Amino acid sequence: MDLLISSLAIAIAVAFSNIIARYTKQIAGPYINLLMGIVVAAIPWTNHFVLGFNNEIFMILILAPLLFFEGQKTPILMVRKRMKSIMGAAVSLAVISAVVTAILISQLFSLALPVVLIIVAIATPTDATAFDAVVEGRKIAQPIRNILKMESLFNDATGIILLQAGILWLTTGHLSFWENTGAFFKSAGSGLLLGAVLAFLIMAFRQYFVRSTRNVISSQTLFYLLTPFFIYFLTERLGGSGIIAVVTAGLVHNSEANRSRFSSPHQIHFGIQLINFMTEVLNGAVFVILGISLERILVSQSQILFGSLVWLAIGVAVYFLLLICRYFYARLFISDRRSKTAWLFSLGGVHGTVTLAMTFSIGNEISPQLFNFIIVVETVVIILSMLVPTILFKKLLLVDSNAETWETQLTQIRHDMVTEGIKSLEILELSPTVKASVVYDLHDQIRKNTLSSFFKQWRTFTVNKSGMTNLQSVEQRRALMYAFDAERNYLSDLVKHNSASSDYVYEIYSDILLAESLVLDPRNQML
């Protein structure tokens, strides 16, 4: 029950913060989610409803499905072409930067190497969601974005293996290079294999029913939603990397929809909408949880924070040393070796909730004093990794004005399109009731109807019980189809005469087709 209430509180926080983000376009949405999490934790009444951070629950319920959906959005062909650079950034860079940074930090602050390795290993994984937050509203070259995304999908396993090596070194007093190297390849390899095999079997099972007369969309959707949880849990129990497994499973599923999209259009369309919905909600939840956790850490660790500033110095040093390692790696190994590209790559290594989850995962394996110290150090790394790029990207990257242009163009095209649709009704002989209803529906395409007009329509069809007759309903359906046809012809003419970008037209055209499907669908009980 407590977990359910906690999940509900986080979901409500995500919903409200996403709405607020629409009114604060100067601030990226994830930052609003982050601030909302801080507010939730700062208010005693709301803070009471949210459970303490549990890394296992977070990894299974939030990170596993999120990485699965991210993997599914990534073309597997891209991964094949970039496998060398992915392995370089996710493995070689992670290991080299961790070793170099650990040695330097140990020398600078006279800390034991095992402790420093633990700190650096936790800071190794990068976060694609956090990167999107700091770069939002700015133009960045697609190749750099792709490299950073691929790196963040696969370097979590490297960080976990390095962390396990550090814990083993701290508790036993020795570090075995070959043992840990073997553990890495075993974990990553088994995760890759299990993820691919299990995903293929699940996909084949679902596709068998899709292509039969016994297909049940509700069951198919449940199987699909449970896929990342099942694969992550089973892979972890078998000793593999659950993170690598769910990413691999997502890649396997990438081309499934493309080759089965017309076998069950309702199922495919619902699946696409479900992926978009879940990705947006989970991304919001990640930052709300991060905000709640950071606020609680700062409050609970106040004694350490104000007793000494060593934690701050170490956190700053870890972040900037990792930054420098990333810069030199980019100058040496990325195809575009310009200084600006290297800085973009180095600054793009943003850390987020994966780092936080790894920090909490070692709570029972080290002393409470050391655990509290590591928490505040990693908090500094997370905050700096988001704050520094946010500031510097304003100078390194141009503002992406396409978003505003996109909205303006879409609004104008929609308005002119609806005008054409309403004009087409003039040649039809419609009863006043039907015409008023159809015009209202067409105006809804551009959100022209006011709240008062909505309640007037609602009262007409509910309170007053003066709905249409069967003949009028048929007349309304035909009129809407006629108007939609006129709107589509208008959009086709725009493309034919190069009067508007095809991207804008296709965006609106798809909305018309969806509206049409609502009118035509015999199973739609809402109309």
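This is a predicted model: local features need pLDDT of at least 70, side-chain atom pairs count only at pLDDT 80 or more; totals for chains, interfaces and linings use all residues.
Residues are numbered from 1 along each chain as its sequence is written, and side-chain values use heavy atoms, with hydrogens and water left out.

Figure 1. Helices (H or I, at least four residues) and strands (E, at least two) are DSSP runs, numbered from the N terminus. Taken along the principal axes, the C-alpha atoms fill a box of roughly 90 × 55 × 50 Å. Of the 527 residues, 47% are buried; here buried means under 20% relative accessible area, exposed over 50%, and partly exposed in between (1.4 Å probe, protein chains only). The chain exposes about 27,800 Å², and carbon and sulfur atoms supply 64% of that area. These areas come from the Shrake-Rupley method with a 1.4 Å probe; for residues, only the protein chains shown count as cover. Among contacts with a separation of 6 or more, 80% come from residues 24 or more positions apart, a contact being heavy atoms within 4.5 Å.

**Figure 2. T101 sits in helix α6, which spans residues 83–109.** T101 has a relative accessible area of 0%, so it is buried. Leaving aside residues up to four places away in sequence, T101 touches V116, V120, V318, L321, L322 and C325. One of these, L321, is 220 residues away along the chain, yet its C-alpha atom is 6.0 Å from that of T101. The side chain of T101 also reaches the backbone oxygen of S97 at 2.7 Å.

**Figure 3. N155 is found in helix α9, residues 142–172.** Its relative accessibility is 1%, so N155 counts as buried. Which residues does N155 touch, not counting those up to four places away in sequence? They are A90, T124, P125 and T126.

**Figure 4. Aromatic rings come together in 14 pairs across the whole structure.** In the edge-to-face pair of W45 and F49, the ring centres are 5.0 Å apart and the planes make an angle of 85°. Rings of Phe, Tyr and Trp (its six-membered ring) pair if their centres lie within 6.5 Å; planes under 30 degrees apart count as stacked, over 60 as edge-to-face and the rest as tilted. W45 is exposed at 61% relative accessibility, while F49 is partly exposed at 30%. The rings of Y329 and F333 have centres 5.1 Å apart and planes at 40°, so this pair is tilted. Y329 and F333 are four residues apart in helix α15 (residues 310–333), which means that about one helical turn separates them. With 12% relative accessibility Y329 counts as buried, whereas F333, at 56%, is exposed. Elsewhere, F205, Y208, F209 and F223 form one aromatic cluster.

**Figure 5. Salt bridges number five in this model.** Each is a side-chain nitrogen of Lys or Arg within 4 Å of a carboxyl oxygen of Asp or Glu. In one of them, the side chains of R326 and E151 meet at 2.7 Å, N to O. R326 lies in helix α15 and E151 in helix α9, so the pair ties together parts that are 175 residues apart in sequence. Both R326 and E151 are buried. Another bridge joins the side chains of K435 and E426 at 3.6 Å, N to O.

**Figure 6. The charged end of R326 sits over the ring of F345, 4.4 Å from its centre.** The rule for such a charge asks for NZ of Lys or CZ of Arg within 6 Å of the ring centre and within 35 degrees of the ring normal.

**Figure 7. D485, R488 and E516 are linked in a network of salt bridges.** Between E516 and R488, the closest N and O atoms are 2.7 Å apart. This pair links distant parts of the chain, with E516 in helix α23 (residues 502–520) and R488 in helix α22 (residues 470–496), 28 residues apart. E516 is buried at 9% relative accessibility, and R488 is buried too, at 14%.

Note on methods: A polar contact is a pair of N or O atoms within 3.5 Å; within protein, one must be able to donate a hydrogen and the other to accept it, and residues adjacent in sequence count only if both atoms are side-chain atoms.
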